[in-house]
Amino acid sequence: MPKIIVDGIEIDCPAFWTILDATNFIGINIPTLCYHKGLSLWGGCRLCIVEIREGDNTKFVSSCTFPVQEGLFIRTASQKVIKARKMILELLIAQNPTSKVLQDLASKIGLRKIRFKPKWENCIYCGLCVRICEEQMMANAIGFINRGDKLKITTPFDKNSEDCRRCGGCMYICPACTLRCEGPHPESVLCNGCYNILQPTCLELYENYSCWMGLKGECGTCVNLKKNEEID
Amino acid sequence: MIKLHSINEYEELSKKFNGSKNSNTHIISISSGTCGHASGSIELEEALKQAVKGYEDQIGLKSTGCHGFCAAEPNVIILPEKIFYKNLKPEDAPYIIQSILNGEILDNLVINENGIKYPYIHEIPFYKLQRRILTASNIVIDPQNIEDYIAIGGYKGLIKALRMQPKEIIEEIKKSGLRGRGGAGFPTGIKWEIASNQKSDIKFIICNADEGDPGAYMDRNLLEANPQLIIEGMIIGAYAIGANRGWVYVRDEYPLAVKTITINVNNAREMGFLGKNILNSGFDFDIEITRGAGAFVCGEETALIHSIEGKRGNPSQRPPFPAEKGLFGKPTNINNVETWANIPKIIEKGAKWYANIGTERSKGTKIFSLVGNVKNTGLVEVPMGITIDEVVFDIGSGALNGKKIKAIQTGGPSGGCIPLEHFHLPIDYESLKKAGSIMGSGGMIVMDEDTCMVDFARYFINFLQGESCGKCSSCREGTQRMFEILTDITEGKADEESIELLEELAYIIKATSLCGLGQTAPNPVLSTLKYFREEYIAHIKDKKCPAGVCRALLTYKINPENCTGCGVCKINCPEGAIIGEPKQPHIIDQNKCIKCGFCQDNCKFDSIICEI
C-alpha cells in the first residue's frame, strides 16, 4: 500500500485510490464539480487541483484523476492552490453566473469579485450529462461537438435523437442549468448570498498560533520563521 | 518489385543498385513537395518533359520532395554537378536543357546574394552552414520509389539492428542522447526502455505526424521527401520495444504526405520490410495509416491515442502514461516523425558519431522551418547549439527590405518569443526554456520592427482558443479570456489592471491545465510581457501602437495643403465620416471613423496621413 502525505497527515492507502479518495477518507474537503462517484473520471473542471511535490518543485494536478503513488507529498490548501482555485471558479462563474452550485462554491472558498465580463451562458461543459447518458443510461444520445470557443454539448447533428429516452438524467446531474441562483441582486454576477466561513488555508509563514492543522508548522508546508532565525 | 526473404537477399540487391549506375549522365532533380506545387513546380516539370524530348539518353528527370529552400521555389538541382537554379518559370526549361548539354551554367538563374553568384549548392550560404543529416538525401530520392532509397544505403540501419539484441538497440539510442523532437525533449532511449519493460504481449508504436503549428512544416517535408527513413526508424523501434503493430497518425490537411506515406508503406510491405517474419528474423511488424481530422490538440499524445481509437480527441491525465497504458489499453510508444527519422542514422553510424553533434545535453541536428520576415525562408537543418544569430542572419540572410529584426518566435503557438538582444543564445532545449520559450516542433518565425507584439500574442491566443479541446475549464475559458483582454488592449479599451489580470490568468492557466496545450498556451503572452512590456503599456496608457499595426489606435487625418477637395475619399468612406464642400479641403470626423483606411488607399494626392 503506497504511503502518501496529505497536509502533513500520513496515510497508507490502497493502490487504486486517487488523491481525492484519500482526502475524502481523512475528511479534508476539496471542492469538486465534474467529479461524480457513479461516473468515470474526467478531470475537466480543474477545481479539485492540489499541489504535489515533484523534485525540487511543485506542480498542480487534479486530485480526482491523479492516482496515489508511494511518497506522494500533497498540499490541498496552500495559498497557491487557493489562488488558482479562485481564478478557475471566477472563470466558470463569469461564464455561467446563474448556477447555484457555482455560487455556493464561491461562497465556500471565499471568492469575492468577478473581473471578467459575464457571458450569461447556460453550460460550463463539465461533461457530467454526457457521461451519465453514456455510462448510466446507456443511451449515448448526447455528446460534445466542435472544440475551443465553438464547443457545444448536443445531440448528433443537432436533431432530435432517437437514442434519447427523455429520462432526464442529464438534467438531474447538471450543476449549471437546473438549479438556478437568482441571488439577492439578480443583476450582480456574484451572489454570495450563502456566504459562510472561509476555508482555512496554509500560511506562507509559520506563526505559533495560526496553524489551522495544529501542527505548528511541522508538516513542512510553510516556512518556519523561528527556525530561520535560529540559523541566522 | 522483388520480395526480400532474408538479409543476404537485401545485401545482394543493394550491391546490384550500387553497381548499376544510372544510364543518364545528368539528372534534373525538381523540388516537388507541397510548397513546390504551390509555386508552380508541376508546370515546370511539364515544360522540362517537353524540352528534354530527344535527349532522354543524356538527361533524366526526377521529381523529388522539397529541397528546403522555400524562398527559391520552384527550383531544380542538376546532378551530379549539384548546380542550383532558383525561382524557375516554365519558359526557362529549354535553356536549362541546352545549358546542360553545352556544359554551361545559366548565370541569371543561380542564387545571387549581395552581388556574388553561387551556382553550386555547397557554396550557397543557405545550405553551406547547415548540417543536413536527415534532409541531405531529399535531392536524390524519388519519394515514390523505394529502390532509390535502397540505392543510397537505406535499410542498412535495420539490417544492423536485426543483428542486435533489442536491449542493445535501446542502449545505443540512450547513448546517442537523442531527445524527442516533438517539443518536450524527453530522452527517446528512456521512453523506449519504459515501454519495453512493460509486461504485455501486445505493444504498439505510433508515429506522430499531426503537425499543426502555424508556420512549421518539417514533418511534412520528411513525409513527402523521404518517407522510407521514417518507416525504417519505426521498424527498428518496434523491434527494440517488442511491438508488432504501428500507426502513422498524419493530418489530412497534408494530402501529398498522406499519399506518399501510404504508397511507401505498401512498397515496404511488398519488398518484405513490413509484414510477417521480416527478412527471416522471426519478427513481425506492420504499419497502418490513420488520418487526423485537423485538430491541433490531437498532436498531444493522449488525445492522439483517443483519436486513433475512434473517440473524441480529448487529452487525459498522465499518469498512467501511454508507455504503461496507451492505445486500446496496451503499452504504447509515441514518437515524432523527426525522432523516428533519426533512428536509422544512429543505428547505422553508431551512437558515438551522433553524440558528437550538438551540445552536452541536446544531441544531433534539428530541422527548423525558418519563416516570417526573413530573406531566405525554408527548412534548415542545423546542429544543436548553433546560435539564433547564425540561423537568422547567416543562413536566413537577415530581414526583408532592409528592415530591423525585432524578435523570433520559436516553438509555434505554444512557444514564446525571444528578442534580438538574446539572439546570442544557443539553440537547445534548456537555453530556449530558460529564455521563456520552447524548442517545440521547430517553427521559427522571424519578426521585424513592423510587428506589434500585442497583436502577435493575440494572433496566437486566437489560434489556441479555437484549438483548445474544451475539456478543462482553465484552458478553454482561460484562453478565451486572454483573447478578450488582448483584444481590448489592441483596441485601446483596456485599463492598467488588465495587464495584472492577464499576467495572473496566464500563470494560473500554465499551472493548472490538463495537457501540454493549456500548459504552454500562455507562453506567447508571458514572453511578450517579459520582453516587450513597454508595448503593452503604450497601448494601454498612451493608446498608441508603436508598430502601427493595431488599427483602432491609428488616427487618420487629411492634410489640407494637399487636399484638392475632389471628394473621392468622401464617396469611398463606408461610415460617412468625411465632411467637406467640393473643392475645399475635407476633414475626417474622428468619432465616426472606423480606421478602415479606404480613404488613404483611394486618395490620389497623398493628402491622407495615418498617425501612429
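## Basis of the description

Two residues are taken to be in contact if their C-beta atoms, placed from the backbone, lie within 7 Å. The model is predicted, and local features need pLDDT of at least 70, side-chain atom pairs count only at pLDDT 80 or more, while totals for chains, interfaces and linings use all residues. Residues are numbered from 1 along each chain as its sequence is written, and chains are lettered from A in the order in which they are written.

## Domains of chain B

An automatic or database domain assignment divides chain B into domain 1 (23-122), domain 2 (153-354), domain 3 (365-448), domain 4 (453-542) and domain 5 (554-611). The centres of domain 1 and domain 2 of chain B, taken over C-alpha atoms, are separated by 34 Å. Five residues of domain 1 of chain B are in contact with six residues of domain 2 of chain B.

## Nonpolar cores

A nonpolar core is a set of buried Ala, Val, Leu, Ile, Met, Phe, Trp, Tyr and Cys residues joined through C-beta atoms within 7 Å, where buried means that 20 or more other C-beta atoms lie within 10 Å of the residue's own. The largest such core has 224 residues, and those with the most contacts inside it include Cys207(B) and Ile230(B). A second, separate core of 11 residues includes Tyr556(B) and Cys563(B).

## Contact between the chains

The contact takes 25 residues from chain A and 26 residues from chain B.

Definitions and conventions. A residue is buried if 20 or more other C-beta atoms lie within 10 Å of its own, exposed if 12 or fewer, and partly exposed in between; C-beta atoms are placed from the backbone.
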